[in-house]
Amino acid sequence: MLQAKHLKILLLAWTRLGLPSPLRPICDPRVLDRFIKEARDTEFAMRSCSEGCSLAEPLSVPLTSVDFAIWEKGDVSEPQKQAQEVQSGLWLLAQAISAVRVSITSTALHSLLDNSHSNIHSIGQVIRSLNFPEYTPPADGTVHEDTWRVSSTLELFRVHTNFLRGKVRLLLSHAPACRRDST
């Protein structure tokens with residue numbers, strides 16, 4: 001069983017500064033499964049958070065709904081668009097988690113939030129290992145993709161989990177670098 005600590009060390013070793021990309025794409029679905037499990041654990045922890053877990057204002061998060069007809073179409077330009085959509089969503093989630101971390105006082109929850117933020121960064125590294133271009137957040141901080149707003153930490157982490165289970169999993173499973181017939 002892959003542990004998150006070992007997984008992060010493996011990802012960091014593959015994505016050392018100075019190297020354009022890792023030697024091989026990271027296509028093992030167990031990597032994402034581990035991130036999903038940790039996201040679910042954080043979501044579960046947020047269910048029991050009663051004090052100090054409210055949001056001062058609603059936060060923007062990515063939509064988790066997927067149009068399978070578009071995602072599975074197989075158009076050559078689509079994986080690039082999908083990668084940008086996923087990376088934009090990961091950026092939004094990272095921004096929201098950072099905002100939540102500032103307002104939560106529980107040390108135990110800080111650890112979960114830090115881990116979630118780190119996992120989002122690691123997932124970005126996995127996406128880059130698949131030869132997708134790196135996402136550059138908009139200079140003005142606005143995201144042009146479809147978003148919605150959440151008003152609780154539980155909603156935020158439900159979106160986080162569903163985003164990983166949906167769009168991120170689809171992107172990784174359909175990435176050209178991970179197709180069995182591309183080797």
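This is a predicted model: local features need pLDDT of at least 70, side-chain atom pairs count only at pLDDT 80 or more; totals for chains, interfaces and linings use all residues.

Residues are numbered from 1 along each chain as its sequence is written, and side-chain values use heavy atoms, with hydrogens and water left out.

**Helix packing**

Helices are DSSP runs (H or I, at least four residues) numbered from the N terminus. Axes are lines fitted to C-alpha atoms over the stretch in contact, and angles run from 0 to 180 degrees between N-to-C directions.

| Pair | Angle | Axis distance |
|---|---|---|
| α4 and α5 | about 165° | 10 Å apart |
| α2 and α5 | about 155° | 10 Å apart |
| α5 and α6 | roughly 15° | within 12 Å |

α5 is therefore roughly parallel to α6 (under 35 degrees). α4 and α5 are roughly antiparallel (over 145 degrees). α2 and α5 are roughly antiparallel too.

A crossing is left-handed if the near helix is turned anticlockwise from the far one by less than a right angle. α4 passes α5 that way, in a left-handed crossing. α2 passes α5 in a left-handed crossing. The crossing of α5 and α6 is left-handed.

Contact means heavy atoms within 4.5 Å. From α6, residues F157, H160, L164, V168, L171 and L172 meet L113, S116, I120, I123, V126 and I127 of α5. By class, this contact of α5 with α6 holds ten nonpolar, two polar and no charged residues. Ala, Val, Leu, Ile, Met, Phe, Trp, Tyr, Cys and Pro count as nonpolar, Asp, Glu, Lys and Arg as charged, and the others, Gly among them, as polar.

In α4, the residues that meet α5 include V86, L90, I97 and R101. Their partners in α5 include H110, D114, H117 and R128. The α4 contact with α5 has ten nonpolar, six polar and three charged residues.

**The second largest pocket**

A pocket is an open set of points on a 1 Å grid where a 1.4 Å probe fits, with protein on both sides within 12 Å along at least five of seven lines; lining residues have an atom within 4 Å of a point. The second largest pocket has a volume of about 270 Å³, taken as the space filled by probe spheres set on the points. α4 (78-103) and α5 (107-129) are the elements that give two or more residues to its lining. α5 supplies the largest share, five residues. Lining residues include W91, H121, E134 and Y135. The lining divides into six nonpolar, four polar and two charged residues.

Technical notes
Angles under 35 degrees count as roughly parallel, over 145 as roughly antiparallel, 65 to 115 as roughly perpendicular and the rest as oblique.
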